[in-house]
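Hi,

Here is the structure I promised to pass on. Have a look at it first, and my notes on what turned up follow below.

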Amino acid sequence: MRLPRYAIPASIIGTFAGCIVLLKDYMSGGRYKGEERMAGKTVIVTGANTGIGKETAKELARRGAKVIMACRDEEKCEKARLEIALETANKRVFCRKLDLQSYASIRAFARLINDTEPHVDVLINNAGVMMCPKMLTEDGLELQMGVNHFGPFLLTQLLLNKLKSSAPSRIINVSSMANQRGEINFDDLNSAKDYSKTSAYGQSKLANILHANELSRRLEGTGVTANSLHPGVVDTELSRYLPLANSTISSVVFFPIKYVFFKTPFQGAQTTLRLAIDPTLEKVSGKYFSDCEEKEPNPIAHDKEVAKRLWAISEAWTKSNIE
């Protein structure tokens, strides 16, 4: 029997499409499959109005948690909150103003939480910026180190007593694989002498892991754990400062690459969700995860002296040691 002339091309196209789907599935990484409920738990998610943070907040709300969406843009936060509340049928989803570029905003947020929340079971330091031009925070910090490290450091310090009194509780720092090329430049931590957006980003993401690891040592025996993670290469607004992200032509040309090799925000949230929910990780602390599994970060992340020095500087620069 002779095959129709279009049969072979169609077969090739079908096979190719199937391979693309399989590759996309492989690149999506692990997925947290546990179905544990979070009823009675209070979770804070920074940067929860978009991307990974929004998907994290949505899934935690779906599981019954009280979710506090800590965001800079209140209008965008409220829009996302309504969407999440309607989709999950959870009324216990709230927006709270938090601008990690401002120590004053961080302190105001922490005061509100400490005064009004009986307990905080999970703090997810998710918000961040990436590869931006040289900019400074309200307090004079290089933006990437300020928003990605010093802001979350101060926030965590101010909420630490609440987290301790809520134990068992968890602190989760969303880092990046960029930590692998990061170095802590103590001679120019604020990039005052020289600025490289890639170096500053890598430094801030390494700082996330050093922060979590030092926290885990200082919190030993308290019932509070601290871990960090790489969510994967995810298609979110975090890439807004990259030239390719702002080019229509590039968006079209690179769409197939993004489709196959980039995770969706939902896929990118899976490791965060495992660290926030999985009962088997209740006592696991000071670890780094990616694709829902424990992985090895930059070797510098294990250097206790670097972590202690960064901690001391962070306390001094945020004035959190005099609270």
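This is a predicted model: local features need pLDDT of at least 70, side-chain atom pairs count only at pLDDT 80 or more; totals for chains, interfaces and linings use all residues.

The protein has 11 helices and eight strands, where helices (H or I, at least four residues) and strands (E, at least two) are DSSP runs numbered from the N terminus. Residues are numbered from 1 along each chain as its sequence is written, and side-chain values use heavy atoms, with hydrogens and water left out.

Some overall numbers. Of the 323 residues in the protein, 52% are buried; buried is under 20% relative accessible area, exposed is over 50%, and partly exposed is in between (1.4 Å probe, protein chains only). The protein exposes about 15900 Å², with 56% of that supplied by carbon and sulfur atoms (Shrake-Rupley method, 1.4 Å probe; for residues, only the protein chains shown count as cover). Among the contacts with a separation of 6 or more, 78% are between residues 24 or more positions apart, a contact being heavy atoms within 4.5 Å.

Now the cysteines. There is one disulfide in the structure, which by the criterion used is a pair of cysteine sulfur atoms within 2.5 Å. It joins C77 to C95, with an S to S distance of 2.4 Å. C77 sits in helix 3 (residues 74–88) and C95 in strand 3 (residues 93–97), so the pair ties together parts that are 18 residues apart in sequence. The link of C77 and C95 is left-handed, at -105° about the S-S bond, and both cysteines are buried. C71 is in no disulfide, and the nearest cysteine sulfur to it, that of C77, is 3.6 Å away. C71 counts as buried too, because its relative accessibility is 2%.

C132 is another cysteine to look at. You'll find C132 in the loop between strand 4 (122–125) and helix 5 (143–165), and it counts as buried at 0% relative accessibility. C132 and K197 are 65 residues apart in sequence, yet their C-alpha atoms are 6.1 Å apart in space.

The search of the whole structure turned up one cavity of 30 Å³ or more. On a 1 Å grid over the protein atoms alone, a cavity is a set of points where a 1.4 Å probe fits but cannot get out, while a pocket is an open set with protein on both sides within 12 Å along at least five of seven lines; lining residues have an atom within 4 Å of a point. Grid points are joined across faces, edges and corners, and a volume is the space filled by probe spheres set on the points.

The largest cavity has a volume of about 60 Å³. Its lining consists of N125, A127, N148, H149, P152, N173, V174, K205, N208 and H211. Helix 5, strand 5 (169–174) and helix 6 (197–218) are the elements that give two or more residues to that lining. By class, the cavity lining divides into three nonpolar, six polar and one charged. For those classes, Ala, Val, Leu, Ile, Met, Phe, Trp, Tyr, Cys and Pro count as nonpolar, Asp, Glu, Lys and Arg as charged, and the others, Gly among them, as polar.

The second largest pocket comes to about 230 Å³. Residues lining this pocket include R181, E183, D188, D194, Y195 and Q203, and the lining has two nonpolar, six polar and four charged residues. S191 is also in the lining of this pocket. S191 belongs to the loop between strand 5 and helix 6 and is buried, with a relative accessible area of 7%. Not counting residues up to four places away in sequence, S191 touches K134, E142 and A200.

L60, in helix 2 (residues 51–62), counts as buried at 0% relative accessibility. Beyond its neighbours within four places in sequence, L60 is in contact with M38, V43, V45, A65, V67, I124, L273, A276 and I277. As for helix 10 (residues 270–277), eight of its eight residues are buried, so it is largely enclosed by the rest of the structure. L273, A276 and I277 are among the buried residues of helix 10.

Cheers
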